[in-house]
Amino acid sequence: MPEPLYQITPADQAREYAGGVAVRVLRAGWFRPDAGGFFGVVPRPLWQRFTQTDERGRLVLRLNLLLIESAGKRVLVETGTGVRMTDKDRDIKGIEGGDPAEALRAVGEDPSSIDFVVVSHLHYDHAGGLVDASGRPNFPNARYVVQREEADAAHGDELRLAGLMETEQLELIRAAGLLAEVAGEVEMVPGVSVVRTGGHTRGSQAVLIGSSDAGGRADDPQDRAIFWGDLIPTRWQIPVRWTSAFDDYPIDAVEIRNDLVRRAADGGWWCYFTHDPGELPVRIEATDRGYRAAG
Ligand SMILES: [Zn+2]
C-alpha cells in the first residue's frame, strides 16, 4: 500500500522542548524542484552522493510543516503550496498535495484551532496555502506572522522577484485583518519565537523552539530546536557554503548559516528542515571537515 499523502507525528510521540513546547511534523505532500537550481553552486558529483533526480532532472522533496503547541496555543509553521497554482505549474514543479487545511483535517486536526501561522518567507511552496481556493484564509482564527521586510520585498520593484512572491495571498490575509507583520526576533507564544535571518529572501525567518529561561523540574526536557525555513532546506545543505540558486542574498546566507549552524551544533539544538525527505528532527555535529547531520 502506498503511504498516505498527508501524515503527522502521532500526538503521543510529539517531541517536547524546554518550557513544555510540543512539536509534531506535518508532512503535507511533495514537490520537485530542479536539482541544479536547488543545489546552486554545488557541483553535481558532490550532491549526488546524497540524492538522485527523477527523469526530469528534479529532486523529490517533502513539504514539511510543523504543528507546535505551547501554553494552550497552537502554531502552524508553513502553509505548503496551497491549491491556487495552475495545473501546468503543479506539473512543472511536481506537486502532490500541498493543501495545509486538508492536510490537517486528514490527520484529525481542525484548521480553525490554529492560533498563529508562520511562513518562513513568501515563495510559493511556503506561502501558497495562506488562503484557500476561493481566497479565504485557510486558518480563520489565526494571526499570520510574516517579517515586515519580507512583506515589503513582495511589494518592491526588484525585477528578480517579479512573480515569485505570494503577494496576492499576502494582501488577502491583510484585508481579512489577520496579518501580523513583525521585525526581527519576536516570541509568539512562550518558548516559540520567530527570528529574521534574511539570506534566502530579504525577510526570511526561522523559528526557535524551547524557552531559553525554562526552569522546570529536573526531569523536564531542556532541549531546544530550530526550524530553518529555506535558509537550510534539507540536511544535505548543512555545509554553510552550499547555497542554492534560489537564495536571493547568498553572501548573507553563508554568514547567517555559519552563525546559526555553530550555535545549533554547540547547543545540541534539534533541527527541522522544511524540504527534507527523511526522519526529523536531527542534530548537527562538528567534524574535522565541517558540520553535518548527526547519525
Ligand atoms: Zn522552499
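Which residue in β16 does E285 stand opposite? Select E285 and β16 to find R292 facing it.

This is a predicted model, in which local features need pLDDT of at least 70 and side-chain atom pairs count only at pLDDT 80 or more, while totals for chains, interfaces and linings use all residues. Residues are numbered from 1 along each chain as its sequence is written, and side-chain values use heavy atoms, with hydrogens and water left out.

Next, display β15 (residues 282-287), which pairs with β16 in the antiparallel sense over four bridges. Strands (E, at least two residues) and helices (H or I, at least four) are DSSP runs numbered from the N terminus; two strands pair if DSSP finds at least two bridges between them.

A salt bridge (a side-chain nitrogen of Lys or Arg within 4 Å of a carboxyl oxygen of Asp or Glu) links E109 with R24 at 3.2 Å, N to O. E109 lies in the loop between α4 (100-106) and β7 (116-118) and R24 in strand β3 (residues 21-31), so this pair ties together parts 85 residues apart in sequence. E109 also forms a salt bridge with R74, at 2.8 Å between the closest N and O atoms. Both E109 and R24 are buried, as is R74; buried means under 20% relative accessible area, exposed over 50%, and partly exposed in between (1.4 Å probe, protein chains only).
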